[in-house]
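Please examine the sequence and the three-dimensional structure shown below. The paragraphs that follow proceed from a single side chain to the overall arrangement of the chain.

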Amino acid sequence: MKKFLWVALAALVLTGCPSRPPEPTAPVTVEPQPQPEPQPEPLPPTTEPVPQPPKIQQLDWLGSVQPLVNQMLKADGVAPGSVLLLDSVKNNTNGSLSIGNATSALHQALASNKIFAVVPEAQLASAKQTLGLSAEDSLGSRSKAIGLARIVNAQYVLYSDVSGDVKSPAMEMQLMLVQTGEIVWSGNGDVKY
């Protein structure tokens with residue numbers, strides 16, 4: 001019975017809700033949309049030219065050392081057939097340079113000369129080990145170079161360094177007599193690009 005009462009109550013509630021009559025709707029008027037003003041076509045973006053990166057200039061080591069080597073080979077008092085120790089080129093500039101390439105250019109410039117017999121690099125590396133130096137060690141001082149030259153029985157040492165501003169370096173070379181340490185020839189010049 002209770003169920004019946006609940007169902008009857010729910011029916012009364014649902015049917016007894018007054019419903020509102022629909023309100024009259026006003027006619028919908030469509031207002032014309034304003035036309036957007038024509039905009040001028042956008043100009044393509046102006047591009048500024050991108051600056052070119054600076055070109056990395058390669059130093060012309062062979063062209064730089066060859067004139068100095070030619071001068072050295074004409075030096076007075078140098079006995080043909082003498083043994084020459086070619087020390088690595090030192091970098092005394094304010095930056096980084098490809099000094100290994102400079103030393104290779106010196107070897108190349110002296111390869112076909114008729115005055116000096118250049119100490120082979122293998123013999124030089126062995127002599128450096130005898131002194132307790134690594135094969136890549138640049139001797140750094142004239143006295144070390146002369147000491148090494150005595151070990152390999154060289155009569156002359158060619159000591160070279162590059163100095164000045166790294167953007168415009170200058171090279172100086174000195175030919176030293178091993179027995180006395182006397183500088184028998186010196187020359188200098190700009191390193192070319």
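Which backbone oxygen lies 3.1 Å from a polar atom of the side chain of Thr93? In this predicted model, the oxygen in question belongs to Gly95. Thr93 itself is located in strand S2, which comprises residues 90-93. The side chain of Thr93 also takes part in a polar contact of 2.6 Å with the side chain of Asn91. The relative accessible area of Thr93 is 15%, and because the limit for a buried residue is under 20%, Thr93 counts as buried.

A charged pair may be considered next. The structure holds 1 salt bridge, and its partners are Asp87 and Lys90, whose closest N and O atoms are 2.7 Å apart. Is this pair buried or exposed? Asp87 is buried, with a relative accessible area of 2%, and Lys90 is buried as well, at 7%.

The overall plan of the chain gives these details a setting. The protein chain contains 5 helices and 6 strands, and from the N terminus on their order is α-α-β-β-α-β-α-α-β-β-β. Of the 193 residues in the chain, 30% are buried. When contacts between residues at least 6 apart in sequence are considered, 66% of them join residues at least 24 apart.

The buried residues of H2 are Trp61, Ser64, Val65, Leu68, Val69 and Met72.

The nonpolar side chains deserve attention in turn. In soluble globular proteins, nonpolar side chains tend to be buried together. Here the largest nonpolar core has 27 residues, of which Trp61, Leu106, Leu158, Val162, Met171, Met173 and Leu175 touch the most other members. Two or more residues come from each of H2, strand S1 (82-86), H3, S4 and S5. Helix H3 gives the most to this core, with 6 residues. Apart from this core lies another, of 14 residues, including Ala127, Ile146, Ala149 and Tyr159.

Finally, the aromatic rings may be examined. The count comes to 1 aromatic pair. Phe116 and Tyr156 form this pair in an edge-to-face arrangement, with 5.6 Å from centre to centre and 75° between the planes. The pair links distant parts of the chain, since Phe116 belongs to strand S3 and Tyr156 to strand S4, 40 residues apart. Phe116 counts as buried at 6% relative accessibility, and Tyr156 is buried with a relative accessible area of 6%.

Terms used
Residues numbered from 1 in each chain as written. Predicted model: local features only at pLDDT ≥ 70, side-chain atom pairs only at ≥ 80, totals over all residues. Heavy atoms only, no water. Buried < 20%, exposed > 50% of the residue type's maximum accessible area, 1.4 Å probe, protein only. Helix = DSSP H or I, 4+ residues; strand = E, 2+ residues; numbered from the N terminus. Core = buried A, V, L, I, M, F, W, Y, C linked by side-chain atoms within 4.5 Å. Salt bridge = Lys/Arg side-chain N within 4 Å of Asp/Glu carboxyl O. Polar contact = N/O pair within 3.5 Å; in protein donor to acceptor, adjacent residues only side chain to side chain. Phe/Tyr/Trp six-rings, centres within 6.5 Å; stacked < 30°, edge-to-face > 60°. Contact = heavy atoms within 4.5 Å.
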